[in-house]
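Hello,

Here is the structure I promised to hand over. Please open it first, then read my notes below.

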Amino acid sequence: MATAKNDIRLPADIPQLLLEKHAKYLVSYSINKDDYTYCMTEHLRMSGIYWGLTALDLMDQLDSINREEVLEFIGKCQYDCGGIGASINHDPHLLYTLSAIQILCMYDALDVINVDKAVKYIKERQQSNGSFTGDIWGEIDVRFSFCAVASLSLLGRLDEIDVEKAVEFVKSCMNFDGGFGSKPGSESHSGLIYCSLGLLSITGHLHLVEVDRLGWWLSERQLTSGGLNGRPEKLPDVCYSWWVLSSLSILGRLHWIDKEKLLNFVMSCQDVETGGFSDRPGDMVDPFHTLFGLTAISLLDSNTTLKPINPTYCMPQYVIDRLGLKPSRLER
């Protein structure tokens, strides 16, 4: 277990899982559309809806949100080019295209969008070296590779792109420590490792990974507080409870971290008054960290009442089963 001068202390009293309050927090967040925070997050609205709905679904509270309102919103965010934006009149991007597709799969409502146009948009983002740009402006990042492959996989159209070249690009992002960066030569980072492993899991190429080397790097992200960080010498953060845990789960190395200490860290990040999870104890809660706090608990605690989460797609397992998808995972 790593030690760091930037670690934190947990509070003396760690609450139990406050599911009812978390559900109320997420529902109220969607209702209070005049709230300052809601207005200031318009640029990532589609992903915000995905975070909130996935969290509610894990708590068996998906019906708490107006389904038709969500579907109507998504339909208005698709452009003629096929891509989907973060909100109405926002440029299309692979990040929000994936979020929209994930939501539609949860609702079993892919007919809300023009799937053929969406596939065309995603396909056009692939470059000659196998990488993907996030939008027409050309930024390349392994995150966008994952978004493209996950989206097409969920749509049943993965054969529309050059999968082997996509895999080659991800392989070129692998570093000496076994981790992956955003592009060749970039620093290893837990979130980017998740994206890389997710792509390799979907395409059946996990054999390319240095499993024990990467598993060691990921397990070293746990600090003495029990929390996980994204890279060396950084503070622990609830969101990395997902990026690291999902990666270890895909690798069959989930047992390489101290589950009890991590659970204590995650539980301590709940707001006992308003509900929701923050990045660290005492900070402001938000839907992003609320989702990843709950997904971490779903992976860690076999006795939880939360629904099982799929570590590759970050979607409820029952949705992946319904779609007939079988992303690969390594044995323990």
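Is Arg-231 buried, partly exposed or exposed? Arg-231 counts as partly exposed, because its relative accessibility is 27%. The cut-offs are these: buried means under 20% relative accessible area, exposed means over 50%, and partly exposed lies in between, with a 1.4 Å probe and protein chains only.

Before going further, note that this is a predicted model: local features need pLDDT of at least 70, side-chain atom pairs count only at pLDDT 80 or more, and totals for chains, interfaces and linings use all residues. Residues are numbered from 1 along each chain as its sequence is written, and side-chain values use heavy atoms, with hydrogens and water left out.

**The whole chain**

The protein chain has 14 helices and two strands. These are DSSP runs, numbered from the N terminus: helices are H or I with at least four residues, strands are E with at least two. The C-alpha atoms fill a box of roughly 55 × 50 × 35 Å along the principal axes. Buried residues make up 58% of the 332 residues.

**Salt bridges**

A salt bridge here is a side-chain nitrogen of Lys or Arg within 4 Å of a carboxyl oxygen of Asp or Glu. By this rule there are 14 salt bridges.

Start with Asp-57 and Lys-307. Their closest N and O atoms are 2.8 Å apart. Asp-57 lies in helix α3 (residues 45-58) and Lys-307 in the loop between α13 (287-300) and β1 (309-310), so the pair ties together parts that are 250 residues apart in sequence. Asp-57 counts as buried, at 1% relative accessibility. Lys-307 counts as partly exposed, at 22%.

Now back to Arg-231. Arg-231 forms a salt bridge with Glu-187, and their closest N and O atoms are 3.3 Å apart. This pair links distant parts of the chain, 44 residues apart: Arg-231 is in the loop between α10 (211-219) and α11 (238-251), Glu-187 in the loop between α8 (163-172) and α9 (190-203). Glu-187 is partly exposed, with a relative accessible area of 49%.

Glu-210 and Arg-213 form another salt bridge, with closest N and O atoms 2.7 Å apart. Salt bridges that share partners also join Asp-116, Lys-123, Arg-157 and Glu-160 into one network.

Best wishes
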